[in-house]
Amino acid sequence: MTKHPLQGLYAITDSTLMPDTDNLLFQVEQALRGGARIIQYRDKSTDQTKRLQQALALVDLCNQYHRPLLINDDTELARACGAHGVHLGQSDGNISQAREYLGREAIIGSTCHSSLTLAQTACQQSADYVAFGAFFPSSTKPDATPAPITLLAEAGSTLPVPVVAIGGINMDNAGQVISAGADMIAVIHSLFACDDICARAGQFDSLFN
Ligand SMILES: Cc1ncc(COP(=O)(O)OP(=O)(O)O)c(N)n1
Ligand SMILES: Cc1nc(C(=O)O)sc1CCOP(=O)(O)O
Ligand SMILES: [Mg+2]
């Protein structure tokens, strides 16, 4: 069981919106100050030196705010930088193996698209949370598989772990997925493309109170 509550705003970084490390750290700090509960480092580049350097800097920053940093896709990077965990998609590696590699305390999340069956399997393999989406059209990931909002109530009543909603979530629609049962909302564009990231994070956070 993780000591970090898995509820609230889950902020995911984006290398296009944060073109260099200073920018990345500034924007993530704004999100943390505003109330983001979890940060995910999502960088699809192949520059391993940059990825390690940025991940290490983010671990330091998140530790200052007592918030967990998860690494997208890459279990080895998660261990190398001392992150709190990893987020794995369906083609990003096996959850049980990641658990063995990262240990009991690590937070492991799993993308389950719109499938409760995938979510049940992820839970059996020790996932700490499952993510469903995309609930709304996403400019960050336009080809994401759509998911119906009705899935959230069923997920909440049948799964033993917290549920994340992702995909096109903004201030106009976040209330819908939270009312439908999402424990966390994972957001990229509507948070990090905003002029005042700290204020926007606070607005998302207040939806959970
Ligand atoms: C919280 C959260 N949910 C879903 C995803 C998507 O993961 P995946 O399907 O592996 O796609 P990429 O993000 O790797 O493009 C996520 N990253 N985080
Ligand atoms: C990374 C990702 N995964 C998705 C999924 O459906 O699994 S949607 C998505 C992009 C989320 O970014 P935004 O908040 O800008 O739409
Ligand atoms: Mg992935």
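**Exercise 1.** Determine which strands each supply at least two residues of the shell around ligand 1, and how the shell divides by residue class.

*Solution.* Strand E1 (8-12), strand E5 (107-111) and strand E7 (163-166) each supply at least two residues of this shell; strands (E, at least two residues) are DSSP runs, numbered from the N terminus, as are helices (H or I, at least four). The model is predicted: local features need pLDDT of at least 70 and side-chain atom pairs pLDDT 80 or more, while totals for chains, interfaces and linings use all residues. Residues are numbered from 1 along each chain as its sequence is written, and chains are lettered from A and ligands numbered from 1 in the order in which they are written. Next, 15 residues surround ligand 1, the closest being Gly 89, Thr 111, Ala 131, Ile 166 and Ala 186; near means a C-beta atom, placed from the backbone, within 6 Å. Finally, the shell comprises 6 nonpolar, 6 polar and 3 charged residues (nonpolar: Ala, Val, Leu, Ile, Met, Phe, Trp, Tyr, Cys, Pro; charged: Asp, Glu, Lys, Arg; polar: the others, Gly among them).

**Exercise 2.** State why Asn 72 counts as buried.

*Solution.* Asn 72, in strand E3 (residues 69-72), counts as buried because it has 20 C-beta neighbours inside 10 Å.

Key. Buried ≥ 20, exposed ≤ 12 C-beta atoms within 10 Å, placed from the backbone.
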